[in-house]
Amino acid sequence: MSNEKSTVSFSKKYGLLFAILAMLVIFLLPTPTDLTTAGHRMLGILIFAIVVWITEAVSYPVSAAIIATLMILCLGMSPNPQAPAKLLGTSKAVGMSFGGITSNGAVLVGAALFLAAAMMHTGLDRRIALFILSKVGAKTNRILAGMIFVGFILAFFVPSTTARVGCIVPIVLGIISAFKMKKDSRFAALLMVATIQAASIWNIGIKTAAAQNMVALGFIEKQLGATISWAEWFIAAAPYAIIMSVILYFVCLKMLPPETMEVAGGDETVRKERAALGPMKPSEKKLMVISLALLFFWVTEKTLHPLDTTTSTVIAVTLMLLPGIGIMNWKEAQSHISWGTLILFGVGISMGSALLSTKAAAWLANQLTDVFGLAGLSVFIVFAILALFLIIVHLGFASATAVASSMIPIMIAVLQGLGNDALNIVGITMILQFVVSFGFILPVNSPQGILAFSTETFSAKDCIKVGLPLTIIGYLLMIIFAQTYWHVLGIF
């Protein structure tokens, strides 16, 4: 343990230095003949970002500020790809560095953060979770099923993974304490590991459940000129997530079997927790109505009305903040919002867009195609290789948003480089984004995992025991879906 801590502290202490050195090494290398100077410098910035994100040398919001500054300076002083005789200029580079913040995806993430803040402020998320647990009984396997189902339901209403897990963690700790179980018991590990894994699974199943989905959608919108509705995403992803949730249940019971099959007093504990909440407050009732209405607008997008997901979400947030509605005011909302997440998201999209516009992503894609011998392979084999590549890459990251920001533009460029006019690039990019949400193996592979890990209810080994088979099964299930269900939908 001490060796692990010293390694982590070393990487954090010197991570920024390593990132700068890695970037300078890229800058000093000769610019490839088939790559622009701006693209060459974006490769250096990408390497810098990856090293900083892997080592966590600085916080994610600070890394976003540094990346934006590097883009402004390095791109601004580069020849304009459209007019090589002139410099691009820092004013244009500023637009490229922060253009992602004005994208539909970034606006949707911002609105989603307000929705999550409203849930936390009113306590509606906790009430929903306790209501579900009150129906499952005191048997440990039913409590496990209840926790997974809670993750599923909250994914519809709380568009922030960390917020969802942050709501459930205190409930799990309360159950463990009330049941007089030790914090390091297998029962405690079972519930907590299932909580974070269910959250990741339903990040795949529901478009609005996680910020990283908005990153991919931002690239799809900006670079491919296409949009994916809430219902289209759900139809493609929900069957996969449902099967994975069932698999999660059995894998958890197999790998982390609880000490007892039934916990005495379990029903009473949940009943007391619900009683402590009291009757539903007017603010909760209003939020419930708005949330259900919003869900209806999401589901019926492109069919019953012309409003896209972002527009309907912004309208819902506006209603929540109006004085007459009274769910929360601005001061109450901002205290629950992670503004750093929004900054990281916007700059992440900007970096990815710059990689694409400067042809750096296309150049990297060509190298990736050559290394893996993708040219001439079937679409199915290409997908299988790229999905496995993303799973391995994710092991080094603590944020799926960071993975999406750095890798999805390269995936798009690889697919475009195959030169297959019949290829559904939009659909396959969406499926590859599903893989970005895996993060099952290590607790440090996601913010929600880190949050739950801090409770000391499970070890990294516990997470691996569940996460490794879940990742293998999840990957194989994707291969099966690619040949069957997603093939029928026209994605493959």
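The buried residues of helix α18 are V382, F383, A384, L386, A387, L390, I391, V393 and H394, where buried means under 20% relative accessible area, exposed over 50% and partly exposed in between (1.4 Å probe, protein chains only). Helices here are DSSP runs of H or I with at least four residues, numbered from the N terminus.

This is a predicted model, in which local features need pLDDT of at least 70, side-chain atom pairs count only at pLDDT 80 or more, and totals for chains, interfaces and linings use all residues. Residues are numbered from 1 along each chain as its sequence is written, and side-chain values use heavy atoms, with hydrogens and water left out.

Helix α1 (residues 2-28) contains L21. Together with Y14, L17, F18, I20, L24 and L28, L21 forms a nonpolar surface patch with about 640 Å² of accessible area.

The whole structure has zero disulfides, a disulfide being a pair of cysteine sulfur atoms within 2.5 Å. For C252, the nearest cysteine sulfur, that of C463, is 9.7 Å away.

| Residue | Relative accessible area | Class |
|---|---|---|
| C74 | 13% | buried |
| C252 | 0% | buried |
| L21 | 45% | partly exposed |

Terms used. Patches are made of residues with over 30% relative accessible area and no salt bridge: like charges are joined within 9 Å, nonpolar side chains (Val, Leu, Ile, Met, Phe, Trp, Tyr) within 5 Å. Accessible areas come from the Shrake-Rupley method with a 1.4 Å probe; for residues, only the protein chains shown count as cover. A salt bridge is a side-chain nitrogen of Lys or Arg within 4 Å of a carboxyl oxygen of Asp or Glu. Helices (H or I, at least four residues) and strands (E, at least two) are DSSP runs, numbered from the N terminus.
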